[in-house]
Amino acid sequence: MALPGQPAVSPCQSCGACCVSFRVDFHPAELAGGAFAWGPGVLPAMTVPVTANIVRMAGTDASPPRCVALAGEIGSAVKCTIYDGRPSPCREFDTEHAACNRARQRCGLPPL
Ligand code: SF4
Ligand code: SF4
């Protein structure tokens, strides 16, 4: 999900579908204080361990999934509460990604 860096009219600010649709896995080096942390990095308490080399945003493998870092209401107004330190899968995912409309459809939102 891309938010503050996007134009004010970004559909992401009233969507959030990808944050309630996919597992978000990344290397522990992106955790806060890690060698590859973006900005403040991700607080370990917001993640669950998967393997020695993978951690997962908590909630993204729940049923139904919802990332613990997401605030707001899907399809209305949402915000990533760790935007500056969000992990690489979230930085690489935006409205150009093929799975964007898949996530939106899953949440009952129209394609972009
Ligand atoms: S599903 Fe697409 S439009 Fe919705 S928040 Fe994610 S990237 Fe933005
Ligand atoms: S870290 Fe932020 S952008 Fe990534 S899935 Fe969670 S709420 Fe969405």
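**Exercise 1. Find out what share of the chain is buried, and how the chain is built overall.**

Buried residues make up 41% of the 112 residues in this chain, and the model is a predicted one. Here, buried means under 20% relative accessible area.

Next, list the secondary structure: there are 2 helices and 5 strands. Reading from the N terminus, the order is β-β-β-β-β-α-α. The radius of gyration is 13 Å, close to the 13 Å that the globule rule gives for 112 residues, so the chain is as compact as a globular protein of that length.

Then turn to contacts. Among those with a separation of 6 or more, 57% are between residues 24 or more positions apart.

**Exercise 2. Work out the strand order of the three-stranded sheet and identify its edges.**

Start with the order: this open sheet runs S1-S3-S2, with antiparallel pairing. Strands S1 (25–26) and S2 (47–51) are the edge strands, each pairing on one side only.

Now look at how S1 meets S3 (residues 54–57): the two are antiparallel and joined by 2 bridges. To find this spot on screen, pick Asp 25, which stands opposite Arg 56 in S3.

**Exercise 3. Locate the nonpolar cores and follow the contacts of Met 46.**

The largest nonpolar core has 13 residues; those touching the most other members are Phe 26, Val 42, Met 46, Met 57, Ala 69 and Ile 82. A second, separate core has 12 residues, including Ala 17, Cys 19, Ala 99 and Ala 103.

Now take Met 46 and set aside its neighbours within four places in sequence: its contacts include Met 57, Ala 69 and Ile 82, and also Arg 56 and Thr 81.

**Exercise 4. Which residues are closest to ligand 2, and how does its shell divide by class?**

Count the surroundings: 10 residues surround ligand 2, and the closest are Cys 19, Cys 67, Leu 70, Cys 80 and Cys 90. Sorting the shell by class gives 10 nonpolar, no polar and no charged residues.

Methods:
Residues are numbered from 1 along each chain as its sequence is written. Chains are lettered from A and ligands numbered from 1 in the order in which they are written. This is a predicted model: local features need pLDDT of at least 70, side-chain atom pairs count only at pLDDT 80 or more; totals for chains, interfaces and linings use all residues. Side-chain values use heavy atoms; hydrogens and water are left out. A residue is near a molecule or strand if one of its heavy atoms lies within 4 Å of it. Ala, Val, Leu, Ile, Met, Phe, Trp, Tyr, Cys and Pro count as nonpolar, Asp, Glu, Lys and Arg as charged, and the others, Gly among them, as polar. A nonpolar core is a set of buried Ala, Val, Leu, Ile, Met, Phe, Trp, Tyr and Cys residues joined through side-chain atoms within 4.5 Å. Buried means under 20% relative accessible area, exposed over 50%, partly exposed in between (1.4 Å probe, protein chains only). Contact means heavy atoms within 4.5 Å. Two strands pair if DSSP finds at least two bridges between them. Helices (H or I, at least four residues) and strands (E, at least two) are DSSP runs, numbered from the N terminus. The radius of gyration is taken over C-alpha atoms; the globule rule is 2.2 Å times the number of residues to the power 0.38.
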